[in-house]
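Subject: Structure handover

Hello,

The structure is below for your files.

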Amino acid sequence: MGAIAHLYRGEVYRSTIWRTRLDNTTNWAIVTMGIALSTTFSSPQASPLPLVLVGLLLAAFLAMEARRYRYFNVWRARARWIEKNFYAPMFTGEAHDDGWQTVLARDYTAPRHHISFVRAAGRRLRRNYVWILAIQAVAYYGKIAIHPTPAESLAEFVDRAAVGPLPGWIILLMGGAYDLGWLAFAFGTLWLDQREHGTKGDGVAMG
């Protein structure tokens, strides 16, 4: 009993540490987006290019966060497994399946990630980054549509989107593909999660 209690405390501690690292990565993405917004709207002559380039940094931060989430998920899953199969039966008085010990022992003797990098990135995208990307898209639209003055025609709107030698319509097409790509990735990984654990994720613990 004492050994399991200390084991559980250790797993909770490690999951808490990695949860903090996840929050740090999200904070970097938010700060970077804030800098891009400030630069883009700092003056009427400012270019919308920072809002375009920040998308590359957001993708890099998401990749870093997905990697960290895979490690966090290991410690979280172990702690949740102990809660579900050891502590919960103690409180309810119900018998538990002794096979849970074998599953936990196997995870200690042959540790592995419980979730793929793609699914981890999809979870972090749906939880946090979808809102940051939405702000990016709205801010970019606002910059070329109403700042410093409202665009008087569709042609003017398209011209404002031009970046260097690239015409505005190419930039807008790339932006649309960028946003639709993220949406497709979010829904695709959601489908993978539902296929793995069901619609509501009932009974999910190890992974």
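Relative accessible area sorts residues as buried (under 20%), exposed (over 50%) or partly exposed (in between), with a 1.4 Å probe and protein chains only. Trp-28 counts as partly exposed because its relative accessibility is 38%.

This is a predicted model: local features need pLDDT of at least 70 and side-chain atom pairs pLDDT 80 or more, while totals for chains, interfaces and linings use all residues. Residues are numbered from 1 along each chain as its sequence is written, and side-chain values use heavy atoms, with hydrogens and water left out.

Aromatic pairs

Rings of Phe, Tyr and Trp (its six-membered ring) pair if their centres lie within 6.5 Å; planes under 30 degrees apart are stacked, over 60 edge-to-face, and the rest tilted. The whole structure holds 9 aromatic pairs. One of them, Trp-18 with Tyr-71, is stacked, at 5.0 Å centre to centre and 15° between the planes. Trp-18 lies in helix H1 and Tyr-71 in helix H2, so this pair ties together parts 53 residues apart in sequence. Helices are DSSP runs (H or I, at least four residues), numbered from the N terminus.

The rings of Trp-28 and Phe-61 have centres 6.1 Å apart and planes at 55°, so that pair is tilted. It ties together parts 33 residues apart, since Trp-28 lies in helix H1 and Phe-61 in helix H2. Phe-61 is buried, with a relative accessible area of 13%. Ring pairs also link Tyr-8, Phe-86, Tyr-87 and Trp-100 into a cluster.

Tyr-71 is partly exposed, at 29% relative accessibility, whereas Trp-18 is buried at 16%. Not counting residues up to four places away in sequence, Tyr-71 touches Trp-18 and His-113 (contact: heavy atoms within 4.5 Å).

Cores

A nonpolar core is a set of buried Ala, Val, Leu, Ile, Met, Phe, Trp, Tyr and Cys residues joined through side-chain atoms within 4.5 Å. The largest has 22 residues, and Leu-125 and Tyr-129 touch the most other members. Helices H1 (2–40), H2, H4 and H6 each supply at least two of its residues; H4 gives the most, with 8. Apart from this core lies another, of 10 residues, among them Trp-18, Leu-22, Val-74 and Ala-120.

Best regards
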